[in-house]
Amino acid sequence: MIPGNRMPMVLLLCQVLLGESSYASLIPEEGKKKASAQHLGQSHELLRDFEASLLHMFGLQRRPRPSYSAVVPQYLLDLYRLQSGEAEEAGAHDVSFHYPERSTSRANTVRGFHHEEHMEELQSDGSETPLRFVFNLSSIPEEELISTAELRLYRQQIDDAISDPQATGDEGLHRINIYEVLKPPRAGQLITQLLDTRLVRHNTTRWESFDVSPAVLRWTRDKSSNHGLAVEVVPLNRTSRHQGRHVRVSRSLHPLPDADWSQLRPLLVTFGHDGKSHPLTRRAKRSPKQRGRKRNRNCRRHALYVDFSDVGWNDWIVAPPGYQAYYCHGECPFPLADHLNSTNHAIVQTLVNSVNTNIPKACCVPTELSAISMLYLDETDRVVLKNYQEMVVEGCGCR
């Protein structure tokens with residue numbers, strides 16, 4: 001694992017090494033024509049080592065190679081924008097989006113899963129037999145502890161349904177039941193256990209979220225068999241003409257263009273913690289701190305923007321496209337001024353250096369670091385929102 005205060009320099013080196021002209025940058029201009037196969041081989045090995053180190057820091061076994069069919073759910077994109085402060089900065093926050101304070105307060109990793117559509121058990125129109133959905137959660141690392149999980153279902157207003165929100169009759173009411181499937185289905189029969197339920201009126205277009213934490217905890221923490229979840233939509237009025245068709249749970253039951261279905265299909269979201277960094281917190285976008293004058297040679301923070309497209313990772317990192325990492329550089333002169341944020345040890349070391357040059361001066365290093373959030377596709381095309389500690393230099397000092 002790479003220590004946090006070395007991350008900006010490692011990313012800078014990786015940016016130089018992995019760019020399109022990376023091999024040329026490793027060879028002096030006058031010696032390019034004489035570069036040997038051995039030098040190029042060493043360059044390839046160095047590139048692999050840097051990439052492996054960074055991927056290990058991100059908790060990945062190998063570099064993700066997203067397929068063209070990979071879809072980023074809008075919910076996770078909105079969650080990233082609100083959590084990172086981008087939504088407030090753009091002034092375009094959707095007031096209908098509810099930030100999951102309770103779930104994120106204990107999690108530094110959010111993962112989104114679409115169901116295995118080829119395993120979907122279909123039903124005939126008008127039947128009230130629950131639909132079973134299987135979610136493959138094998139990409140969740142063993143060390144990641146799931147705190148909560150939710151199943152999100154999209155329901156769309158029916159134009160000819162009752163539109164009066166104050167109506168008291170059963171005509172426009174449906175109950176959505178979410179079950180855990182306890183055993184493999186036999187002869188079309190499901191053995192289930194109720195997880196969550198909600199009474200809804202079909203004159204509203206919105207996402208509904210259901211708590212499926214008990215089932216997901218059994219599958220991940222207790223290693224119980226995962227036979228999926230079942231969704232049942234039951235009209236309170238059995239003579240209703242709509243029979244729950246406003247709930248988008250199956251491609252075959254609700255013909256939609258592929259682009260629409262990719263965003264409206266059921267989504268399982270897990271909130272977990274890997275024990276390595278602080279939980280996700282809703283925050284405003286930080287404004288860069290400006291310290292000292294530009295011509296000041298003393299220890300201070302300098303700009304260092306890491307562009308993920310320069311290192312060839314923009315195909316699997318959804319957001320941000322890059323970030324300002326900064327780095328610390330400058331002199332720690334004798335005597336150390338208060339604004340250099342020095343420790344007592346650094347003051348003593350600098351004092352001794354002034355009379356004995358065999359003792360080095362104090363070094364200009366990061367004294368305050370902050371986290372960034374990244375939204376990316378993992379090795380299995382699953383979308384992950386993760387908080388990474390000690391990625392941005394907020395303050396420098398002599399230590």
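Tutor: A residue is called buried when its relative accessible area is under 20%, exposed when that area is over 50%, and partly exposed in between. Please bear in mind that this is a predicted model.

Student: Why is Glu208 called buried?

Tutor: The relative accessibility of Glu208 is 4%. The cut-off for buried is under 20%, so Glu208 counts as buried.

Student: What makes the contact of Glu208 with Arg155 a salt bridge?

Tutor: The criterion is a side-chain nitrogen of Lys or Arg within 4 Å of a carboxyl oxygen of Asp or Glu. The N to O distance for Glu208 and Arg155 is 2.8 Å, therefore the pair qualifies. This pair links distant parts of the chain, with Glu208 in strand S6 (residues 206-211) and Arg155 in strand S3, 53 residues apart.

Student: Is Arg155 buried or exposed?

Tutor: Arg155 has 5% relative accessibility, so it counts as buried.

Student: Which salt bridge does Glu208 form with Arg198, and how far apart are the closest N and O atoms?

Tutor: In the salt bridge between Glu208 and Arg198, the closest N and O atoms are 3.2 Å apart. Arg198 lies in strand S5 (residues 192-201). Salt bridges that share partners join Arg155, Asp196, Arg198, Arg206 and Glu208 into one network.

Student: Why is Arg198 called partly exposed?

Tutor: Arg198 has a relative accessible area of 25%.

Conventions. Residues numbered from 1 in each chain as written. Predicted model: local features only at pLDDT ≥ 70, side-chain atom pairs only at ≥ 80, totals over all residues. Heavy atoms only, no water. Helix = DSSP H or I, 4+ residues; strand = E, 2+ residues; numbered from the N terminus. Buried < 20%, exposed > 50% of the residue type's maximum accessible area, 1.4 Å probe, protein only.
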